[in-house]
Amino acid sequence: MTERMRVAVLGASGFIGAELIRLLSDHPQAEVSFMSSQQHAGKPLGQVVSGLRNSRLAGRRLRAADELSKVDVAFSCLPNGVLPRILDEVSGQADLVLNVAGDYRLRDPGEIAEHYPESAEGWREPIPYYVPEFTAKPSEPVVNLPGCMASAGLYALYPLFRDGLVEPRAVVDAKTGSSGGGNHSAEHPALRDGNVRVHKLHGHRHAPEIRQALSTWTGAAPELQFSAFSLPVTRGVFATAYTWLREGVDAGQVRRAYARAYADAPFVRMSNGRSPMAFPMLKTVVGSNTAEVGVSVEGSRCVTVSALDNLIKGGAGQAVQAMNRIFGLEETLGLPEVGPWP
């Protein structure tokens, strides 16, 4: 591809929208030509998003979404329920729409009504659910991307169910940093700092998302307990998945299943698990588009841990990775493999 792609970021003032602008600003094949914010339309980007005030795009003004003109890709980071109301207009101006919100992640109407009531009225089918490591690149003009904690859970569970190594049940607990709540979170920083607390023990909307994806990709629809917790950090998701091996399955088969699943995945790294410090941790993934996965087996019990940056690999970075693949670019283009240390 010789000409740079024209891209739009809808919902540019949110955390993931801002992260998309930061990543795309350094992408050698993309040019950010449109940025929207209904609340801040008319204001310069750097005035609204302090973290981008030193960006070369800082002086560009945010606009209303209905001003969108022709682009190659539109990244939608709008609140749940907004894109379904304007999708026809957006898709009419964009060759590809990559939706980072949850509007089209679920297929069952009852689950959509329960977990995404804002999106139910505008729900349509089929819209592909795309995770670059697990599915062929879609040809449809609108694509939905996974949730951050769902991504972490899927990286942990997929190889086990793909190879039929475990019983059809799993327990996942996922812990996330404060940026996962978006920039309108009502939680006071004083309550978050130095505290680990329950976010949701039952009924989290990422549970049906994980179960649906595993059923589609592996044929297994496990009984799943998914619980979410809040961490006193800004970024990161750390998920722990507990499964039970089928009779006759050993640790070697488990390790080989993960090695096969991620052999050609440039942004999923397996830890060797030789010591606690070798297992996934937030410090080694935050600031990058890399997900780390580690697995340990004792008898019939299997414990898998995964870690990723919720705003990059769980959001903006995964969206750029999807764009790269769909347009036939190098998958890693414009994406950081490592973050700052320490």
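User: Where does Pro-342 lie relative to helix H9?

Analyst: Pro-342 sits in the segment after H9, which covers 312–326. A helix here is a DSSP run of H or I with at least four residues, a strand is a run of E with at least two, and both are numbered from the N terminus. Please bear in mind that this is a predicted model: local features need pLDDT of at least 70, side-chain atom pairs count only at pLDDT 80 or more, and totals for chains, interfaces and linings use all residues. Residues are numbered from 1 along each chain as its sequence is written, and side-chain values use heavy atoms, with hydrogens and water left out.

User: What kind of peptide bond joins Trp-341 and Pro-342?

Analyst: That bond is cis, with omega about 5 degrees. For context, most peptide bonds are trans.

User: Why are H5 and H8 called roughly perpendicular to each other?

Analyst: Helix H5 (residues 148–162) packs with helix H8 (residues 251–261) at about 110 degrees, their axes 9 Å apart. The axes are lines fitted to C-alpha atoms, for helices over the stretch in contact, and angles run from 0 to 180 degrees between N-to-C directions. Under 35 degrees counts as roughly parallel, over 145 as roughly antiparallel, 65 to 115 as roughly perpendicular and the rest as oblique. H5 and H8 are therefore roughly perpendicular.

User: Which residues of H5 and H8 meet?

Analyst: Tyr-155, Ala-156, Tyr-158, Pro-159, Leu-160 and Arg-162 of H5 meet Val-254, Ala-257, Tyr-258, Arg-260 and Ala-261 of H8, where contact means heavy atoms within 4.5 Å. These residues divide into 9 nonpolar, no polar and 2 charged (Ala, Val, Leu, Ile, Met, Phe, Trp, Tyr, Cys and Pro count as nonpolar, Asp, Glu, Lys and Arg as charged, the others, Gly among them, as polar).

User: What makes E7 and E10 edge strands of the sheet?

Analyst: The open sheet of 7 strands has the order E7-E8-E6-E9-E12-E11-E10, with mixed pairing. Strands pair if DSSP finds at least two bridges between them. E7 (197–200) and E10 (268–270) each have a single partner strand, so one side of each lacks a neighbour in the sheet.

User: How do you know that E10 and E11 pair?

Analyst: There are 3 bridges between E10 and E11 (residues 291–298), against the required at least two. The two strands run parallel, and Met-270 has Val-293 as its bridge partner in E11. H8 packs on the sheet too, touching E10, E11 and E12 (301–308).
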